[in-house]
Amino acid sequence: MTEQTQPLEGTPLIAPSSTDHPLYEQVVEACRTVYDPEIPVNIYELGLIYTIDINAENEVDIKMSLTAPGCPVAGEMPGWVADAVEPIAGVKQVDVALVWEPPWGMDMMSDEARLELGFM
């Protein structure tokens with residue numbers, strides 16, 4: 001059997017979120033309170049939150065990106081997200097990781113964000 005180095009065709013580049021977890025909506029709402037200082041739209045609507053994974057122990061693992069690797073708040077934003085999510089009742093632990101694959105693109109923004117920024 002040959003070792004597979006390429007992802008299987010159809011494998012999502014962004015892992016699915018735990019949308020059926022009871023805390024999911026509260027975590028999304030917490031993410032919506034975090035803004036990129038240069039853009040008047042929250043990071044969730046911008047499409048910067050790639051995956052919200054919540055396990056059975058209520059440990060939250062968030063994968064997020066930035067609009068650009070050179071973003072001036074790159075070092076701070078994951079902490080802002082963790083600070084927003086940690087106070088939610090029931091959340092045991094929060095881990096926020098920056099990822100650069102797939103690269104963020106304007107097509108990841110919600111219609112709300114596009115409207116707010118004048119792209120619609």
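Mentor: The protein chain has three helices and three strands, and from the N terminus on they run α-β-β-α-β-α. This is a predicted model, where local features need pLDDT of at least 70 and side-chain atom pairs count only at pLDDT 80 or more, while totals for chains, interfaces and linings use all residues. Residues are numbered from 1 along each chain as its sequence is written, and side-chain values use heavy atoms, with hydrogens and water left out.

Trainee: What makes something a helix or a strand here?

Mentor: Helices are DSSP runs of H or I with at least four residues, strands are runs of E with at least two, and both are numbered from the N terminus. Helix H2, for instance, covers residues 77-85.

Trainee: How do you know that S2 and S3 pair?

Mentor: Two strands pair if DSSP finds at least two bridges between them. Strand S2 (residues 59-64) and strand S3 (residues 93-98) have six bridges, in the parallel sense, so they count as paired. Along that pairing, Lys63 stands opposite Ala97 in S3.

Trainee: Why is Ser18 called buried?

Mentor: Buried means under 20% relative accessible area, exposed over 50%, and partly exposed in between, with a 1.4 Å probe and protein chains only. Ser18 has 9%, so it is buried. Ser18 sits in the segment before helix H1 (24-31).

Trainee: Which residues does Ser18 touch, beyond its neighbours within four places in sequence?

Mentor: Those are Tyr24, Ile52, Asp53 and Ile54, where contact means heavy atoms within 4.5 Å. The Ser18 side chain also reaches the backbone nitrogen of Ile54 at 2.9 Å.

Trainee: And why does Val41 count as buried?

Mentor: Its relative accessibility is 5%, so Val41 counts as buried. Val41 belongs to the loop between H1 and S1. Leaving aside neighbours within four places in sequence, its contacts include Tyr35, Leu46 and Leu117. Across the protein chain, 38% of the 120 residues count as buried.

Trainee: How far apart are the C-alpha atoms of Val41 and Thr67?

Mentor: They are separated by 12 Å, with the two residues 26 apart along the chain.

Trainee: What about contacts over the protein chain, between residues at least 6 apart in sequence: what share joins residues at least 24 apart?

Mentor: That share is 63%. As for overall dimensions, the C-alpha atoms fill a box of roughly 50 × 35 × 25 Å, taken along the principal axes.

Key. Right-handed = clockwise from strand over helix to strand, strands pointing away. Polar contact = N/O pair within 3.5 Å; in protein donor to acceptor, adjacent residues only side chain to side chain.
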